[in-house]
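Good morning. Please have the sequence and the structure open while I talk.

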Amino acid sequence: TVAAIAAGQAKAGLLPVVSGAASLDHYWQIPVQVFPGELLGQPQCTFVPIRLGTPWMGKAELQADLSLVDVAAWKAIKTSLLEQQLKAGQNLSGQKLIAKNVRMAYYAAVLNGQDCLVAEDRLRDFRESDRLIRLNFDKGITDQIAVNQSLALLEDLADEVSGVRASYRQ
């Protein structure tokens, strides 16, 4: 991930900086020093020229710099690690939120289905009550007000069932 790459780059800031150089030089004229000939078995008052060095000279160097305390590098490492934790937390939080929403939608669908069944049962039961009220009205036991109230309640329950069915289908 991007956060892991950033963390690796931040950790790389703690590694030493290594630099190297190499050179090879050719000298056309080699320095010469004159020594007394007596030292080398020559007659007195003579001098012997001796070359000091070779025509080819080479050099190689390697240098490593390491900061003992690099506050900026440690800060970058800590920041990148915190960003990784934040991304992981956001992913986990998002997954938990999705699971919670799916679970809630399932429960809501189950409850809406149960509401639909309960509303239909109430309507069926009240239709039976309305039939009995009408029978009592026909026998003269109840008055017209009870029949009208029963009819209004029956219409309200029918509207409620229609609304519950519509919400269940959604």
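I will go through the strands, then the helices, then the salt bridges. Keep in mind that this is a predicted model.

Let me start with the strands. Strand β1 covers residues 17–26, and strand β4 covers residues 56–65. How do β1 and β4 run relative to one another, parallel or antiparallel? They run antiparallel, and 10 bridges join them. Two of the pairs can be found by eye. V17 has D65 in β4 as its bridge partner, and L24 has G58 in β4 as its bridge partner.

How many of the 10 residues of β1 are buried? The number is 0, so β1 lies largely in the open. Buried here means under 20% relative accessible area.

Now helix α2, which spans residues 71–139. V71 is in this helix, and V71 is exposed because its relative accessible area is 61%, where the cut-off is over 50%. V71 also belongs to a nonpolar surface patch of about 380 Å², made together with L68 and V69.

Further along α2 we come to S80. Is S80 buried or exposed? S80 is buried, with a relative accessibility of 4%. Setting aside residues up to four places away in sequence, S80 touches A6, A7 and A10. Take L82 and R51 as a pair: they are 31 residues apart in sequence, and their C-alpha atoms are 66 Å apart in space.

Next, helix α3, residues 144–169, where S150 is found. S150 is buried, at 2% relative accessibility. Apart from neighbours within four places in sequence, S150 is in contact with F126, D130 and I133. Please remember D130, as I will return to it.

A brief word on cysteines. C45 counts as exposed, at 72% relative accessibility, while C116 counts as buried, at 9%. The number of disulfides in the structure is 0.

That leaves the salt bridges. How many does the structure hold? It holds 5, and I will describe some of them.

D121 forms one with R124, and the closest N and O atoms are 2.1 Å apart. Both residues are in helix α2, and they are separated by about one helical turn because they are 3 residues apart. D121 is partly exposed, at 34%, whereas R124 is exposed, at 52%.

D130 pairs with R134, with the closest N and O atoms 3.2 Å apart. These two also lie in α2, 4 residues apart, which is about one turn of the helix. D130 is buried, at 7% relative accessibility, and R134 is partly exposed, at 34%. This is the D130 that S150 contacts.

Another salt bridge is between the side chains of E160 and R122, at 3.4 Å from N to O. This pair links distant parts of the chain: E160 is in helix α3, R122 is in helix α2, and 38 residues separate them. E160 is partly exposed, at 35%, and R122 is partly exposed, at 43%.

To close, two things to look for on your own screen: the antiparallel pairing of β1 with β4, and the salt bridge from E160 to R122. Thank you.

Notes: Residues numbered from 1 in each chain as written. Predicted model: local features only at pLDDT ≥ 70, side-chain atom pairs only at ≥ 80, totals over all residues. Heavy atoms only, no water. Patch = residues over 30% accessible without salt bridge, like charges linked within 9 Å, V, L, I, M, F, W, Y side chains within 5 Å. Areas by Shrake-Rupley, 256 points an atom, 1.4 Å probe, with all protein chains shown as cover. Salt bridge = Lys/Arg side-chain N within 4 Å of Asp/Glu carboxyl O. Buried < 20%, exposed > 50% of the residue type's maximum accessible area, 1.4 Å probe, protein only. Pairing = 2+ DSSP bridges. Disulfide = S-S within 2.5 Å. Contact = heavy atoms within 4.5 Å.
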